[in-house]
Number of protein chains: 2
Amino acid sequence: MLEDKNKKLTPLSELGEFGLIEHLSKNFKIKQKSTIKGVGDDAAVLDFENKKVVVSTDFLVEGVHFDLSYVPLKHLGYKAVVVNISDICAMNANPTHITVSIAISNRFTLEAVEELYSGMELAAKQYGVDIIGGDTSSSNKGLIISVTAIGEANETDITYRNGANSNDLLVVSGDLGGAYLGLQVLEREKEVFKVNPNNQPDLSGYSYIIERQLKPEARKDVVELLKALNVKPTSMIDISDGLSSEIIHICRQSKTGCNLYEEKIPLDPQSILTCEEFNIDSTTVALSGGEDYELLFTISQEDYPKIKANPNLTVIGYMADENEGINLVTRENTKIPITARGWNALKDD
Amino acid sequence: MLEDKNKKLTPLSELGEFGLIEHLSKNFKIKQKSTIKGVGDDAAVLDFENKKVVVSTDFLVEGVHFDLSYVPLKHLGYKAVVVNISDICAMNANPTHITVSIAISNRFTLEAVEELYSGMELAAKQYGVDIIGGDTSSSNKGLIISVTAIGEANETDITYRNGANSNDLLVVSGDLGGAYLGLQVLEREKEVFKVNPNNQPDLSGYSYIIERQLKPEARKDVVELLKALNVKPTSMIDISDGLSSEIIHICRQSKTGCNLYEEKIPLDPQSILTCEEFNIDSTTVALSGGEDYELLFTISQEDYPKIKANPNLTVIGYMADENEGINLVTRENTKIPITARGWNALKDD
C-alpha cells in the first residue's frame with residue numbers, strides 16, 4: 001500500500017475520532033467563493049446567490065464496489081469523488097462542493113486513511129471542488145465510503161433524464177467498455193497471484209483500460225464543451241451501470257423509444273483487442289459493463305452540425321416513439337430489444 | 001421486527017437496486033418550495049434564492065452506533081434523520097432537505113428496509129424536510145446508514161461554534177444524560193434475555209429515558225423559540241457526544257475558558273433514579289453520556305432576561321478567559337478541569 005514497508009504506521013486509535021478529522025481536514029483548501037464555512041462546525045455553510053443547487057450522493061462498499069487487493073487506496077479515494085462529480089456533470093451543472101464520510105475497521109492505519117484522503121484531495125483539486133465536511137466512524141468490517149456532491153447551475157441549463165423527444169439524436173462521449181475490461185484484467189492477475197505469489201502481474205498493453213477502471217474521470221470537460229458549442233442536451237445521464245441501463249432510464253423517464261446502432265458504439269482499440277483475448281462480445285461489454293462514467297445525452301437534430309466534427313462525441317442512435325420500443329440495431333440490421341443487464345448490487349450476493 | 005411473524009417476507013434480490021429505490025421513494029412527498037427536483041435523476045435540484053445553504057452529513061454503523069437486537073428499525077430510521085437535522089439546528093438554521101443512503105446485507109428483507117424507511121419518512125414529516133435522494137447498496141456485513149441534511153438560513157442568523165465571548169452565559173436546552181441511561185437499561189435487559197429468553201423485558205418506569213435513547217428529537221423548537229425571543233446565540237453546538245466534549249469544542253474554537261456549575265446541570269427525575277439504581281454518578285453521565293441531542297449555546301449576558309423564565313432553557317455556567325481553563329465547579333465549590341470523555345468511535349474496539 002505504501003512504498004516504504006518499514007515505515008512506522010500509526011493505529012487510528014492513537015488519534016481518536018476528533019483527532020483523525022482534524023488531521024485529515026487540515027489539507028482541505030477552500031477555493032470556491034460560495035464556501036462560507038467548510039469543515040469544523042455542525043454543518044458547512046454555502047452561498048449560491050441566484051444559482052440553483054444540485055445534490056448527489058453515493059456509497060462505495062468494500063467487497064461490493066471495490067476490492068482492495070488490487071485497488072490502491074489513493075485511486076479509490078479519487079474514484080469515490082469522481083463518481084459523484086460525474087452525477088453533477090450529468091445534470092449539466094458545475095460541481096462545487098463535496099462531503100466525504102468513511103467508516104473503517106481497525107485493520108486500517110492512519111497512513112492508509114491518509115492515502116485514501118490524498119486521492120480524494122487530488123480529485124477535489126482536479127475538479128476544482130471544495131471538501132466541506134464529512135464524518136469518520138469505525139466499522140466492524142471493511143471500508144465504506146459515502147460521498148455527497150453539490151453543484152450549481154442556472155435553472156435553464158439543468159438537464160434532466162426526462163426531456164428526450166422522439167427523433168432526438170442519442171450521443172455518447174468518449175468510448176465504452178474499457179472500465180469493465182480493465183476489471184477483468186485485474187481479476188485475472190489476482191487469480192494468477194493467488195496461484196503463484198512470486199509472479200509479477202503483467203499489465204503492459206492494458207494501461208488504458210486499467211486506468212479506466214482504477215482512475216476514471218468525470219466528463220466535466222464535455223459539459224463545458226457543450227456550453228461552448230451552444231448545445232443544450234434535451235436529456236442527460238452518466239454511464240455508471242452500462243449503456244443499456246442508462247438508455248432505459250432516459251427512455252422510461254422521457255416516455256420515448258430508441259434505436260441504438262451497434263456499429264456506432266465507440267470502442268477503444270485496446271478494448272477491442274482485450275475482448276478478443278477474453279473471447280467476449282464487445283457490444284455486450286459496452287451495453288452492460290458500466291463504470292465508464294461517460295455522458296449519454298440526447299440533442300435536437302438541428303444541433304447536429306455543432307457536434308458532428310467533435311472527436312469526443314459520437315452519435316449512436318436516435319430516439320423514437322414510445323411504442324417503437326428500445327432497440328439495438330445490429331450490424332446485420334436486425335432489431336433486438338434492449339434489456340437492462342447493468343450492474344445490480346443486490347442480485348449477485 | 002414485524003408484528004405478524006407469518007407474513008411472507010420479500011428478499012431484496014427480487015426487486016434489484018432500481019426496483020428498491022423506486023419502491024422506497026414513491027412515498028417521499030415534496031413539500032419544500034425550494035425542491036425543484038427530488039429523487040429520480042442523477043442529482044436533486046434545489047433553489048435557495050438569497051438564503052445561505054447549510055450542509056451536514058453523518059454515518060450510522062450497525063454494531064458501532066446501534067444494536068438491532070433492541071433498536072426497532074423504524075426508530076433507527078427516525079433517529080438517523082434526527083441526528084442530522086440536529087446538526088442543522090445547531091447552526092441556528094432551518095432544516096429543509098435530506099438524502100438517505102443505506103448499505104445492507106442480504107439478511108434484510110424488503111419489509112425490514114420498509115420499516116427503516118418508514119421511520120425516516122416519519123422524521124422527514126415531523127420536521128418538514130424533503131427526502132430528495134440517496135443511494136442503496138449491498139454490504140457484506142450489517143447495515144450502514146448515511147444521511148446528509150441541508151438547511152437554509154439568513155447569513156446573519158447562522159451560529160458557529162467559534163463566537164463565544166468571555167462572560168457569555170452557557171445555556172443548555174432540555175435535560176441531559178437520559179439517552180445514555182436508556183441505553184444502559186436496554187443493555188441490561190438484553191443480558192437478562194440472553195440468560196432466559198422467556199423473561200419478558202420489564203421496561204416500565206424507564207419510558208422517558210428509553211425514548212430519549214430510541215427516539216431522540218432535534219431541538220428545532222428551541223431554534224424557533226430563540227428567534228421568537230429575539231436571542232441570537234453567540235455560539236451553538238448540539239450534544240451528540242456528551243456535554244464535556246461539546247463545551248471543549250466551543251471553548252477551543254472560540255478561544256475561551258468556561259466555568260460549568262455541577263448543581264445547575266438539568267436532569268430528569270427518572271434519570272436521577274436510574275443513576276442511583278445503577279450506582280453511577282449523574283454528573284458523569286451528563287458530561288460523558290451523549291446522544292441527548294439538546295442544544296448547547298452561549299448568549300450575551302444582556303439577553304439573560306429574555307430566557308430566564310423559560311422552562312426549556314437552563315443557564316449552566318459562563319464563559320471565561322482562555323487562560324482560566326475549562327472547569328467544572330462542583331457542589332463542594334471546587335474547580336476540576338473538564339476533559340473530553342465523550343463517545344469515541346475509534347478507541348473502543
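Tutor: In chain A, the side chains of Asp292(A) and Arg212(A) meet in a salt bridge, 3.9 Å from N to O. The pair links distant parts of the chain, 80 residues apart: Asp292(A) lies in the loop between α9 (282-288) and β11 (295-299), and Arg212(A) lies in helix α5 (residues 207-214). Helices (H or I, at least four residues) and strands (E, at least two) are DSSP runs, numbered from the N terminus. This is a predicted model, in which local features need pLDDT of at least 70 and side-chain atom pairs count only at pLDDT 80 or more, while totals for chains, interfaces and linings use all residues. Residues are numbered from 1 along each chain as its sequence is written, chains are lettered from A and ligands numbered from 1 in the order in which they are written, and side-chain values use heavy atoms, with hydrogens and water left out.

Student: Why is the contact of Asp292(A) and Arg212(A) called a salt bridge?

Tutor: The term requires a side-chain nitrogen of Lys or Arg within 4 Å of a carboxyl oxygen of Asp or Glu. The N to O value for Asp292(A) and Arg212(A) is 3.9 Å, so the pair meets the definition.

Student: Which residues are linked with these two in a network of salt bridges?

Tutor: The network links Arg212(A), Arg219(A), Asp221(A), Asp292(A) and Glu294(A).

Student: What makes Glu294(B) and Arg219(B) buried or exposed?

Tutor: Buried means under 20% relative accessible area, exposed over 50%, and partly exposed in between (1.4 Å probe, protein chains only). Glu294(B) has 1% and Arg219(B) has 11%, so both count as buried. These two residues form a salt bridge, with the closest N and O atoms 2.8 Å apart.

Student: How do you know that Arg161(B) and Asp41(A) form a salt bridge?

Tutor: Their closest N and O atoms are 3.7 Å apart, and the limit is 4 Å, so the pair qualifies. This pair crosses between chains. Arg161(B), with a relative accessible area of 11%, is buried, and so is Asp41(A), with 10%.

Student: How many salt bridges does the rule find across the interface of chain B and chain A?

Tutor: The rule finds four there. Another pair, Asp41(B) and Arg161(A), forms a salt bridge with its closest N and O atoms 3.6 Å apart.

Student: Why is Asp130(B) called buried?

Tutor: Its relative accessibility is 0%, so Asp130(B) counts as buried. Asp130(B) belongs to strand β5 (residues 130-133) of chain B.
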